[in-house]
Amino acid sequence: MTEVAGDITAMDCVYKNPNEAVEDRIQDLLQRMTVEEKIGQMTQIHRGVTSDAVIKDFFIGSVCNSAGKSGNDVMSEDWAKMIDGFQTAALETRLAIPIIYGLDAVHGNNKFYGTTIFPHNIGLGATRDYDLARRIGSATALEVRASGAHWVFAPCVAVCKDPRWGRCLESYSEDTEVVCNMTSIVSGLQGTPPEGHSAGYPFLAGRNNVVACAKHFVGDGGTEMGKNEGDTISSYEDLERIHMAPYLNCLAQGVSAVMPSYSRWNGSQLHGDRFLLTEILKDKLGFKGCLVSDWSGIDKMGQPRGSNYRGCVEAAINAGIDMVMVPYTYEKFINELTSLVKEGKILMSRIDDAVERILRLKYTAGVFEHPFSDSSLLKFVGCKEHREIAREAVRKSLVLLKNGKDSEKPFLPLDRNAKRVLVAGTHADDLGFQCGGWSKTWQGQSGRITIGTTALDAVKATVGAETEVVYEKTPSEETLSNKDFSYAIVVVGEAPYAESRGDDPEPSIHFDGAEVVRLVAEKIPTVAILVTGRPVILDTIMLEKVEALVAAWLPGTEGDGVADVVFGDYDFTGKLPMSWFRATEQLPMNLEADGYDPLFPLGFGLKFKKG
């Protein structure tokens with residue numbers, strides 16, 4: 001496919017000329033646009049309702065996709081062809097303004113078959129490795145670009161204060177400083193801006209990078225009881241100190257987009273909070289990029305959902321939202337916004353500000369000069385180099401919570417030349433469980449969802465040629481009575497989830513996993529490996545029975561990283577990104593409180609070698 005369509009390369013006007021300054025190009029294009037074209041640019045729609053006619057008739061500015069529900073294998077090359085088709089239609093509009101395509105790539109390009117799926121953020125926070133986060137961003141950017149997309153709705157820089165929150169897995173830590181440092185992923189996704197780059201002004205290094213979007217502004221990790229889309233009750237000073245600080249790091253790296261939260265701050269809906277979105281983020285902090293709503297963010301402002309839609313559009317746009325992820329009822333949104341402009345309830349100056357920011361995003365992303373996908377990048381999808389980075393991330397994310405009933409007699413590392421080994425548990429041979437939510441589908445699913453290595457695969461590949469590995473998800477009494485096992489590896493955890501479906505007043509090990517661990521550990525020396533998106537309730541008896549306990553979080557596709565450490569090729573280096581509570585009555589835990597008494601404190605993590 002050719003790079004451009006029609007006369008878009010013509011130098012007869014400033015906005016088409018790549019040699020002109022970006023701000024001059026923006027102003028030149030803006031003054032040529034009709035109200036209809038401007039409102040079209042502010043509209044982001046789902047690919048399922050997108051067609052050539054829709055793009056051309058409504059001057060659509062952006063297209064996105066959901067994380068998916070079907071579970072069908074989606075290939076990167078097919079997606080790139082689809083996006084290129086949408087782009088061709090956009091370039092045939094009067095002004096040939098290209099679309100920008102966005103998707104959720106929250107731990108790799110996680111929707112697509114064969115991509116590298118990295119540990120979720122909670123695991124990356126355990127690594128405390130900021131260069132690793134940057135490298136993961138760079139790898140993700142290449143795999144996203146291979147699928148034709150230009151923009152990722154990541155990273156989530158929430159500071160999770162309560163593990164009952166269903167998005168705890170998307171948070172790097174309860175510690176603001178850790179989250180701030182892990183924002184280095186932005187420079188991986190977008191590239192590192194040059195020295196002297198103006199903080200708040202969008203940056204993108206080139207065609208191998210993607211637009212990043214810091215989310216969810218602001219306080220989404222601080223809601224009462226950890227309720228998703230709930231209410232964060234705090235002073236402005238605490239909001240700024242705890243939850244806003246990571247955004248300053250993102251702005252310093254030239255993050256190009258910010259997404260407001262579904263949640264509220266002291267009862268005020270973030271999608272309609274002009275003080276925070278405009279007066280603070282845009283005016284005080286100097287953000288010059290695009291503020292994009294969350295999925296159906298305007299609909300969710302209505303109580304009940306979808307009610308007073310016109311009033312919600314007015315509130316959201318006037319609050320400072322520039323682009324709305326509609327995503328389906330685009331005609332309704334466009335009609336209401338157009339009417340509000342005509343009636344003077346939304347001023348043209350606000351529309352122009354929004355469109356300036358959207359065009360700045362697009363010029364920064366390079367879609368005017370390079371609107372189409374680059375098929376040469378397909379070789380990076382799930383490549384060995386990226387899988388090695390993911391494997392390294394798994395190794396560094398593992399947190400050793402217990403090693404030996406007697407601290408003087410460590411149980412780990414395991415003997416790879418043992419005669420006979422039992423592997424058990426619901427998560428030992430389930431790649432979908434290992435990846436968690438936001439993996440192939442929105443909520444995640446069970447089974448061999450993509451290309452990758454389970455914990456069982458990794459154990460089999462690591463032990464000696466003479467070692468017999470016996471796998472039973474739930475071992476029988478006959479198996480457990482066998483005296484020939486040198487040790488057992490039991491991998492248990494949570495079922496996959498995302499967002500509100502993950503809210504849990506009693507975070508725990510699912511599928512009676514704690515009971516399976518206990519039954520095995522009573523008969524065979526056992527290391528239990530927890531595959532969870534957060535700290536969970538740990539049964540006291542189980543904790544006493546096991547010889548060793550490892551928090552593996554949600555490691556993604558590269559299960560070999562688990563075997564690398566438990567068999568001793570590498571030592572444990574991970575440190576808890578969150579306090580591990582004893583009982584839910586302690587939640588939310590506060591490191592600075594006098595009554596702070598966790599089972600394992602923030603930053604806890606044992607090693608093989610003491611000192």
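**View 1. Residues in the contact of helices H12 and H13 in the predicted model.** Tyr-309, Arg-310, Val-313, Glu-314 and Ile-317 of H12 meet Lys-332, Phe-333, Glu-336, Leu-337, Ser-339 and Leu-340 of H13 (contact: heavy atoms within 4.5 Å). By class, these residues comprise 6 nonpolar, 1 polar and 4 charged (nonpolar: Ala, Val, Leu, Ile, Met, Phe, Trp, Tyr, Cys and Pro; charged: Asp, Glu, Lys and Arg; polar: the others, Gly among them). Residues are numbered from 1 along each chain as its sequence is written. In this predicted model, local features need pLDDT of at least 70 and side-chain atom pairs count only at pLDDT 80 or more, while totals for chains, interfaces and linings use all residues; side-chain values use heavy atoms, with hydrogens and water left out.

**View 2. Axes of H12 and H13.** H12 spans residues 309-319 and H13 residues 330-342 (helices: DSSP runs of H or I, at least four residues, numbered from the N terminus). Their axes come within 10 Å and cross at roughly 70° (axes: lines fitted to C-alpha atoms over the stretch in contact; angles run from 0 to 180 degrees between N-to-C directions). The two helices are therefore roughly perpendicular (65 to 115 degrees). Their crossing is right-handed (the near helix is turned clockwise from the far one by less than a right angle).

**View 3. Helices H1 and H14.** The axes of H1 (residues 22-30) and H14 (residues 348-365) come within 10 Å and cross at roughly 130°. The crossing of H1 with H14 is right-handed.

**View 4. Residues in the contact of H1 and H14.** On H1, Val-22, Glu-23, Arg-25, Ile-26, Gln-27, Leu-29 and Leu-30 meet Asp-352, Val-355, Glu-356, Leu-359, Arg-360 and Tyr-363 on H14. This contact has 7 nonpolar, 1 polar and 5 charged residues.

Conventions: Angles under 35 degrees count as roughly parallel, over 145 as roughly antiparallel, 65 to 115 as roughly perpendicular and the rest as oblique.
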